[in-house]
Amino acid sequence: MPYMAFEGVVQGTFSYSGDLISDVFASGTLSKVTITYQAQGSGTSEVNISVEEKECAPPNLTSNTNTGITSETIQTIVLDDPSSDLPEDHWLHPCQCAPPLWGQNAPVIPDAFSSIPAGSGNVFTAPPFLIVDGQFSCGLDQEQVLDVIFESDLQTLTFEECQVLCSEREDCRYFLSGEVLSSKQCRLYKTCFSLWREVGLAGQLYSFPRNLQVCALADAALCWTTTKRRQNLGAYYVPTVGFFDMLSEPCLDQNLFEDCDTMLFLGGVGIQECAPCKYTVIPSGTDRANYDQVLQKSLLRSGYLHGAVMQVSCWRERYAPLLLKLG
């Protein structure tokens, strides 16, 4: 049942036979309700009472840091060379691994290209990478936390020191470097199921996937705004049956980046930055071949022989073919 609490000096009373608050919420407005004033002399008047919606600020989906130059749009025309076994040879989505032969051409941004170790072919072990900066951590339950180290006169707790402490534990998968009420801490986690806000915490939560082979995505920021956010909101298209679709594969620690993004939709309280989800895991076994095909993509050549064929289609996330019936 709707209710309302009043505090302070009584200014007046409403003359109404029913449940005033419930009736206002039920109908949205009540007209000509009599009020008798008491605080500043006697007197009556008629007022209109209505429910007023509170204005909410727009969701904070911005970042405080410059993550590099991103493509403004995605190429909607998909080009494929039917003479090769590679699907969509000359088209690249920002959520796909950046092929070595693609260089720093759109949609591959300089930050992604420079993060790829030389000679790795964009298959490497990722360094520690930021998930969230602010008042969020993995929680403090025993199932997730390995250790909490406090700064002392004998030990400083810089980011580098916290990373070293995590690297010395084989079961350390995440670490947090920061302060709680001006007291520096380093937290080591073996798992991280979701993000939790801690008032008084100011720190950076990092992922440290030492035993995983990953690739760098072409444009992590554009990938998130174009595809990954839609996946989280349930507004993503259904991939073609039997067709490998790297876009539907989660990026590394995607569930944590989704938690951070959801907090931005709710106003971003306690968040300084949600980092981009910029890596995806390269699987082993038969599934590895699908990723190898993506990594072999290349730009269009400067010239082709007479009679060469190029297959053209549309970007499947936003467009679908229109079937026409003739006759």
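## Surface and overall make-up

About 19,500 Å² of the chain is accessible surface, and carbon and sulfur atoms account for 54% of that. (Accessible areas come from the Shrake-Rupley method with a 1.4 Å probe, and for residues only the protein chains shown count as cover.) Keep in mind that this is a predicted model, where local features need pLDDT of at least 70, side-chain atom pairs count only at pLDDT 80 or more, and totals for chains, interfaces and linings use all residues. Residues are numbered from 1 along each chain as its sequence is written, and side-chain values use heavy atoms, with hydrogens and water left out.

The chain has 6 helices and 16 strands, taken as DSSP runs numbered from the N terminus (helices are H or I with at least four residues, strands E with at least two). Of its 327 residues, 39% are buried. Buried here means under 20% relative accessible area, exposed means over 50%, and partly exposed is what falls in between (1.4 Å probe, protein chains only). As for contacts (heavy atoms within 4.5 Å), take those between residues at least 6 apart in sequence: 69% of them join residues at least 24 apart.

L233 sits in the loop between α4 (220-232) and α5 (254-265), and with 54% relative accessibility it counts as exposed.

## Disulfides

Searching the whole structure turns up 7 disulfides, each a pair of cysteine sulfur atoms within 2.5 Å. One of them joins C162 to C186, with 2.0 Å from S to S. It links distant parts of the chain, since C162 is in helix α3 (residues 159-167) and C186 in strand β10 (residues 183-189), 24 residues apart. The torsion about this S-S bond is about 85°, so the disulfide is right-handed. Both C162 and C186 are buried.

Another disulfide runs from C166 to C172, again given as S to S 2.0 Å. This link is left-handed, with -105° about the S-S bond. C166 is buried at a relative accessible area of 0%, and C172 counts as buried at 3%.

Then there's C260 and C274, whose sulfur atoms are 1.8 Å apart. C260 lies in helix α5 and C274 in strand β14 (residues 271-274), so the pair ties together parts that are 14 residues apart in sequence. The torsion here is -95°, making the link left-handed, and both cysteines are buried.

Strands count as paired if DSSP finds at least two bridges between them; β5 and β13 (residues 213-216) have 2 bridges. Across that pairing, T125 has Q213 of β13 as its bridge partner.

Over in helix α1 (residues 20-27), the buried residues are L20, I21, S22 and V24. Just past the helix, G28 takes a positive phi of about 90°.

## Salt bridges

The count of salt bridges is 8, where a salt bridge is a side-chain nitrogen of Lys or Arg within 4 Å of a carboxyl oxygen of Asp or Glu. K297 and E88 form one of them, at 4.0 Å from N to O. K297 is in the loop between α6 (288-295) and β16 (311-314), while E88 is in the loop between β4 (77-80) and α2 (110-114), so the pair ties together parts that are 209 residues apart in sequence. K297 is buried at 2% relative accessible area, and E88 counts as buried at 10%.

R173 and D253 also meet in a salt bridge, at 3.5 Å from N to O. R173 is in the loop between α3 and β9 (174-180) and D253 in the loop between α4 and α5, so this pair ties together parts that are 80 residues apart in sequence. R173 and D253 are both buried.

E317 pairs with R318, their closest N and O atoms being 4.0 Å apart. E317 counts as buried at 10% relative accessibility, whereas R318 is partly exposed at 32%. Elsewhere, shared partners join E88, K297 and R316 into one salt-bridge network.
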